[in-house]
Every structure is written in C-alpha cells, then in structure tokens.
Amino acid sequence: MNQAWWKEAVVYQIYPRSFMDGNGDGIGDIRGIIGRLDYLKTLGIDVIWLSPVYQSPNDDNGYDISDYQAIMKEFGTMEDFDEMLEEAHKRGIRIVMDLVVNHTSDEHRWFMESRKIKENSYRDYYIWREPREDGSAPNNWGACFGGSAWAYDENTGMYYLHLFSKKQPDLNWENPKVRDEIYDMMTWWCDKGIDGFRMDVISMISKTAEMPDGQAQEGSYGDFGPFCVHGPRVHEYLQEMNQKVLSKYDLMTVGETSGVTIDQAKRYAGEDSHELDMVFQFEHVESDGKFGKWTDEKVPLSFLKENLSKWQNELYGKAWNSLFWDNHDQPRAVSRFGDDSVKYRETSAKMLATLLHMMQGTPYIYQGEELGMTNFPFQSKEDFHDIESIHAYEDWVESGKVSLEEFWPCLINKSRDNARTPVQWDDSENAGFTTGIPWIRVNPNYETINAEAELKDENSVFHYYRKLISLRKKYPVIVYGKYDLQLEEDENIFAYTRTLDDEQIFVVCNYTESSCKVLIPSEFANGQCLISNYDRSRYEGEIELSPYEAFVLYRK
Ligand code: GLC
Ligand code: CA
C-alpha cells in the first residue's frame, strides 16, 4: 500500500460560526480560530477541515456561496484568512477548505445573470427546464431540504433545479465554461497555499440528460437519486479536475459521497484512480429510521460491526476511507452512539473514540467531540435555526402527517443543530464562546463540560483523544495494518485486531452498559496496554469488562 501524509493525519473539523467568536458579535469568526490554534496544537491534530468561510447570504450557513473568492463579512477579511493560514502552518497544521461546487447561492453573480434572460451568456451555468404542459415543475423530484427540487422563475417562465434549498441552484457541470471557472477558482486558492479540499456533495455534480420522474411514495416527492447521485460523468469530471488542478499541488482531497457503494468508492478514491484521496461515506450513520432520516432509535451494535468491518475489509489496499462519528450535519457522537448521562458520558465517549481511531482510514474529529459535547435539550420549534430541521418540522408535523408527540423525539435526536451549538471553552457566561449574544444557544451543560476543565484533568475526554492521536503517530500498525474483526457474534463487544508485519494490536470495546466477559488471547497476555478508559492492572485470561470499557493491547 502506498504511504501518504494524509493517510497518517488526523483531521479536526471547524464549523466557524460555532467555534470561537473573536469580536463579540455572537458569531464565530476567523480571529476566533486564530486564537485557538494553540489549543488544536495541544490536541495534536494535523489538518483542519474548515467549513465554508466564503461570502454567503447564509441560507444554509455558508453552504450557499455567493462569491468563492471573498470571505464572509461576519467571519472577517481575506487578511484574517491569510494570517490564519500562516499561523496554522507555523504550528504544522494544514488547512483543507470546503469546496461547495454542486451549487452556488442564488445571490452569486453567475445566477443573477443566468436568470435575467434566456440569451444571457450565463444561462447555461445552471439547469433550466420548461414547465410541464399544466405549468407544473418539469418532474416530481423532491429537494433534500423539503419541497420540490424545482423553483419557478417568473423572469423567463422556466424552472431551475435545486437539489438543496431554493437559494442553492445547481450548477450545470455539462457546460465546460462552468468547469473551467471552478478549476480557476480552485487554482487561485491552491496558489494561496491551502492544503486541500473537502468536496461538498461532490457525488451529485453530474446529472442524467433525461430527467424523468423519480420513485415516489403516495403523496410525496420523487427520488432524484438514480439521476443525480454518482451520475454518468462524475468520474470524468473528477479526473479532469485532478489533471487540471489537484495533481499540481500536494493536497489532501476528500469527497463527500453519500450513498456510495464499495465499487464506486474504489473509483472515487482508488489507489490509482487519479480522482480524490479519500471518500467520506455515511453508511454507518445513515440507516433509515422511522421518518426517513428522522428517528429516535439507537444504532444496533450488530449493524455497526457488519458495516464498519465491510468498509475496513473491502477497501484495504485498494482505496482510502474517512473515519468519523459526527460532523456539522450529524448529532453529537456520545449522545447518539454512547450514553450522555452524567454517569457514562466520559467513559462511553472514550470507548467510541477508541473504536474508531484504531481503525484504518483518516480520522475526523468534529469540534467539541474531543470534549464529549452532547446533544442540545431543545424545547420548542423556536429553538431550531437549521433550515433542514425547520423544513422537516413543517413537512412532517405542520402538514399533519405525524403528530408532534411522535415526531419530536426523532427531530431532537437527529437535528443538525445539535452539532452547531457553540464550542464550550470554559465555565464563564456563554461558555467563553462570545462576550456578546451567541447566534445559537449554548448547551447549558457547559458549566461542567468545557475545554478549560478538561485541559486540567488528565483523565478527561480531551486528553484521551490527545493520546489516541499520538498513538497513531507512533505505531504504523494503526495506520497501515490489516483489520480483522474478532468475536463476531458477541452482542456487547466490538473487538478487532490490526496486523502489520510482526506488529499487532487487539482492540476491545464494550459497546454497552452491561458488564460482560472477554477472553484475552494468550498471545496478548503479556502485551502492553496502549490506552484504556478504566484502571486495570492485568490483561490476561478471562476478564470482566465494565460498562463501556475499552482498551488496546499491543504486541510485537
Ligand atoms: C453537504 C453539507 C451540508 C449542506 C449540503 C448542501 O451535505 O455537509 O451542510 O447543507 O451539503 O450544501
Ligand atoms: Ca464574530
């Protein structure tokens, strides 16, 4: 297997709006990030994935970009950006930018031109279609954030496609001029010295020429998936992008590829496919729930074992994957997969971290995860800011499809706003995130869960993450070793080995609150314990695991 720095790296995702406010206006910003670079250095991460900081009207918090070469005013200036990049580099931290090029904002200059008249030279930058005979949308596709995927535009009497919100019109990648504009823009950022791109919904950039109705359930919108996801020319475009831009720099590239299969992943991120370095796929966090993605059910261990093992085994030596429990679109890891009660929050957060960080792939830590931050106690609809949660409330509850009682637990369990509450820095007002009024409420548990307290406490979740990161640096077996699932049928324990030449690690995680027994294989009896979330002096013979216990044994 080829070695690469980005295979050995640990990534930390910053969602700037919620990370740190540097000027007291209640909104996180670039100066805030600069002030916390030393904290990230202490944690030991190698790369920051920076969610969008470009100019944007914030319909979808920056994922609707109106100028790719300007910084959002609320976040600061281009000078601030340059300083952040320089300060990060000084500390050996690289910065990977979010690249959102499936769509722009409807306030982007290209779209404002495009919608003016049919003859405009930017018309073909977007996807326009005539209405059906009765004036309705060209087909039945539904958008990711609810409603139709088509918006009618009075100016020219036609519809434009938007797979996300109405304010996020999809770019027409069929048009070579669009592609060239994007490559030029990417080149401009690379020349500035950035270190890579995280490519937003990159698997959706190619659409089929025919756009027939999608499969639909009674009374719902149709599924655009078969016509827009992993579309006919997506690999051609990425190879072109690679050849024209990516291959000229030393970058890390990661493609957000929801719904990707193993075979597709090998094309996107194969060792020799000349597209991207790695995929970021969602199978382990995306199983369908009660109401589409909305559910209050826990993810069963059997599913996780089967799914994570499949990706470990089938990409081994062939393609590279990302490892994550959460991001800015997912609920908090410990609330979702662990136990966020006072009793088990720390232990289960550490167990989850162990389970993931000892696997093969590039680990991603989402801001606050290293503190064991939890979901937010939402009380009412007014507590939500996220466009997806608000639309879901309207689509499911206000439409009368389901009762509020039924939907509420599912909504608060999965809402993206869980991840977007401010990082809890200390126990002062607003968790030290801002001296002003925070744009989104701080989780009230900041008085006990915060960075300052955890930095001081050697046994904190923070220091546990720090240790996991340092282990990855020290033991190549964690990066390059082969994965083998152990105790496949066990209902409580997730265990596996990693093997590289004569080195081996044995990872044991009790995924549950029950105590249970595990037999330490004799070859590990004299092994060294690299990390654990309980104090235990002997790892030998049959031992009884405590709730959420996790440890890693090493032998050579
Ligand atoms: C991706 C982003 C998400 C955004 C969407 C549309 O899934 O992660 O936050 O809303 O794309 O850009
Ligand atoms: Ca600010």
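An oxygen atom of ligand 1 lies 3.1 Å from a side-chain N or O atom of Arg416, a polar contact in the sense of a pair of N or O atoms within 3.5 Å. Taken alone, ligand 1 exposes 310 Å², of which the protein buries 95%; accessible areas come from the Shrake-Rupley method with a 1.4 Å probe, and for residues only the protein chains shown count as cover. The structure is a predicted model, in which local features need pLDDT of at least 70 and side-chain atom pairs count only at pLDDT 80 or more, while totals for chains, interfaces and linings use all residues. Residues are numbered from 1 along each chain as its sequence is written, chains are lettered from A and ligands numbered from 1 in the order in which they are written, and side-chain values use heavy atoms, with hydrogens and water left out.

Two further side chains place polar atoms by oxygen atoms of ligand 1: Asp329 at 2.5 Å and Glu256 at 2.9 Å. Ligand 1 is surrounded by 14 residues, the closest being Asp60, His103, Asp200, His328 and Asp329; a residue is counted when one of its heavy atoms lies within 4 Å. This shell divides into 7 charged, 4 nonpolar and 3 polar residues. Here Ala, Val, Leu, Ile, Met, Phe, Trp, Tyr, Cys and Pro count as nonpolar, Asp, Glu, Lys and Arg as charged, and the others, Gly among them, as polar.

The calcium ion (ligand 2) is coordinated at 2.2 to 2.3 Å by Asp21 (OD), Asn23 (OD1), Asp25 (OD), Ile27 (O) and Asp29 (OD). Donors are N, O and S atoms within 2.8 Å of the metal (3.2 Å for Na, K and Ca); water is not among the atoms, so sites may look incomplete. Along the chain, the donors follow the spacing D-x1-N-x1-D-x1-I-x1-D. Asn23 is exposed, at 53% relative accessible area, whereas Asp25 is partly exposed at 36%; buried means under 20%, exposed over 50%, and partly exposed in between (1.4 Å probe, protein chains only).

Elsewhere, 3 strands form an open antiparallel sheet in the order E6-E8-E7. The edge strands, E6 and E7, each pair on one side only. Strands are DSSP runs of at least two residues, numbered from the N terminus, and two strands pair if DSSP finds at least two bridges between them. E7 (residues 150–153) and E8 are joined by 4 bridges; Asp153 is partnered with Met158, and Tyr152 with Tyr159. Both faces of E8 (residues 158–161) are covered, with Met158 and Tyr160 buried on one side and Tyr159 and Leu161 on the other.

Conventions. A polar contact is a pair of N or O atoms within 3.5 Å; within protein, one must be able to donate a hydrogen and the other to accept it, and residues adjacent in sequence count only if both atoms are side-chain atoms.
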